[in-house]
Amino acid sequence: MDEADLLPDLVGTEHGLVVMMCGLPGSGKSTYARALERRGYSRLSIDEIVWIWAGRDGAELDPAEYEHLKSTAEQQLWDDLIRLLEAKVPTVIDYSFWNRATRDRYKAVIESHGCRWELVRLKADLETLRRRLAIRNQRNDANSVTVSDELLERYFANFQEPAGEGERVILQE
């Protein structure tokens with residue numbers, strides 16, 4: 001897919017627009033988010049914050065340590081988001097938004113700052129995600145946190161599909 005085909009209407013010029021990427025690991029959230037970043041969006045990513053702090057794939061850490069780092073990174077992401085909302089900077093959040101309560105919390109804070117959100121749901125079936133993760137799991141960078149098949153199945157089973165939330169669904173193959 002040509003980068004120009006990725007969300008062609010989101011050009012990065014709308015002040016205060018926040019694009020919330022929503023999907024499972026391997027669905028393409030970071031690919032889309034980086035494309036938006038090249039168009040002028042500020043990109044926020046918990047995985048990148050954890051990578052900077054840990055210097056390696058979070059999956060290599062003790063699970064309790066990783067969860068602590070993720071929680072602390074989300075607080076930093078939240079603080080950065082508030083700063084960007086106040087400045088009305090176009091922003092893309094590279095995050096799974098797997099649960100509705102989290103989506104609703106982010107939407108509410110975005111709206112409370114007089115900004116607008118777009119929820120972009122990247123949807124893929126389990127086999128597509130497995131295929132993509134098999135390739136991604138061989139990389140070693142901030143946007144390639146290793147996800148085991150067991151963990152993917154757990155994420156897939158627990159993902160709260162957005163429905164009637166103003167989502168834009170893009171099917172992935």
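**Exercise 1. Is Glu165 buried or exposed, and what is its relative accessible area?**

Solution. The model is a predicted one, in which local features need pLDDT of at least 70 and side-chain atom pairs count only at pLDDT 80 or more, while totals for chains, interfaces and linings use all residues. Residues are numbered from 1 along each chain as its sequence is written, and side-chain values use heavy atoms, with hydrogens and water left out.

Step 1. Locate the residue: Glu165 sits in the loop between helix H6 (149-158) and strand E5. Helices (H or I, at least four residues) and strands (E, at least two) are DSSP runs, numbered from the N terminus.

Step 2. Apply the cut-offs: buried means under 20% relative accessible area, exposed over 50%, and partly exposed in between (1.4 Å probe, protein chains only). The relative accessible area of Glu165 is 5%, so Glu165 is buried.

Step 3. List the surroundings. Apart from neighbours within four places in sequence, Glu165 is in contact with Arg100, Arg103, Asp104, Lys107, Trp117 and Leu119; contact means heavy atoms within 4.5 Å.

Step 4. Look for a polar partner. The side chains of Glu165 and Arg103 make a polar contact of 2.8 Å. A polar contact is a pair of N or O atoms within 3.5 Å; within protein, one must be able to donate a hydrogen and the other to accept it, and residues adjacent in sequence count only if both atoms are side-chain atoms.

**Exercise 2. Find the buried residues of helix H1 and what covers them.**

Solution. Step 1. H1 spans residues 29-38, and its buried residues are Lys29, Ser30, Tyr32, Ala33, Ala35 and Leu36.

Step 2. The cover over these residues includes strands E1 (17-22), E2 (42-45), E3 (91-94), E4 (116-123) and E5 (167-171).

Step 3. Turn to Asp94, which is placed in E3. Asp94 has a relative accessible area of 6% and is therefore buried. Its side chain makes a polar contact with the side chain of Ser30, at 2.7 Å.

**Exercise 3. Describe how H3 packs with H4 and with H2.**

Solution. Step 1. Two packed helices are described by the angle between their axes and the distance between the axes. Axes are lines fitted to C-alpha atoms, for helices over the stretch in contact, and angles run from 0 to 180 degrees between N-to-C directions.

Step 2. For H3 (residues 63-87) and H4 (residues 100-112), the axes come within 10 Å and cross at roughly 25°. H3 is therefore roughly parallel to H4. Angles under 35 degrees count as roughly parallel, over 145 as roughly antiparallel, 65 to 115 as roughly perpendicular and the rest as oblique.

Step 3. Name the residues in this pair: H3 gives Glu74, Leu77, Trp78, Leu81, Ile82 and Leu85, and H4 gives Arg105, Tyr106, Val109 and Ile110. By class, the contact of H3 with H4 has eight nonpolar, no polar and two charged residues. Ala, Val, Leu, Ile, Met, Phe, Trp, Tyr, Cys and Pro count as nonpolar, Asp, Glu, Lys and Arg as charged, and the others, Gly among them, as polar.

Step 4. For H2 (residues 46-54) and H3, the axes come within 9 Å and cross at roughly 120°. H2 is therefore oblique to H3.

Step 5. On the H2 side, the residues are Ile46, Asp47, Ile49, Val50, Trp53 and Ala54; they meet Tyr66, Leu69, Lys70, Thr72, Ala73, Glu74, Gln76 and Leu77 in H3. This contact divides into nine nonpolar, two polar and three charged residues.

**Exercise 4. Find the place of Leu133 and what Leu133 touches.**

Solution. Step 1. Leu133 is in helix H5 and is buried, at a relative accessible area of 3%.

Step 2. Excluding neighbours within four places in sequence, its contacts are Pro25, Gly26, Val147 and Leu152. Pro25 is 108 residues from Leu133 in sequence, while their C-alpha atoms are 7.5 Å apart.

**Exercise 5. Compare the places and accessibility of Lys88 and Phe97, two residues with a positive phi.**

Solution. Step 1. Most residues other than glycine have a negative phi.

Step 2. Lys88, not a glycine, has a positive phi of about 60°. Lys88 lies in the loop between H3 and E3 and is partly exposed at 30% relative accessibility.

Step 3. Phe97 has a phi near 45° and lies in the loop between E3 and H4. At 0% relative accessibility, Phe97 counts as buried.
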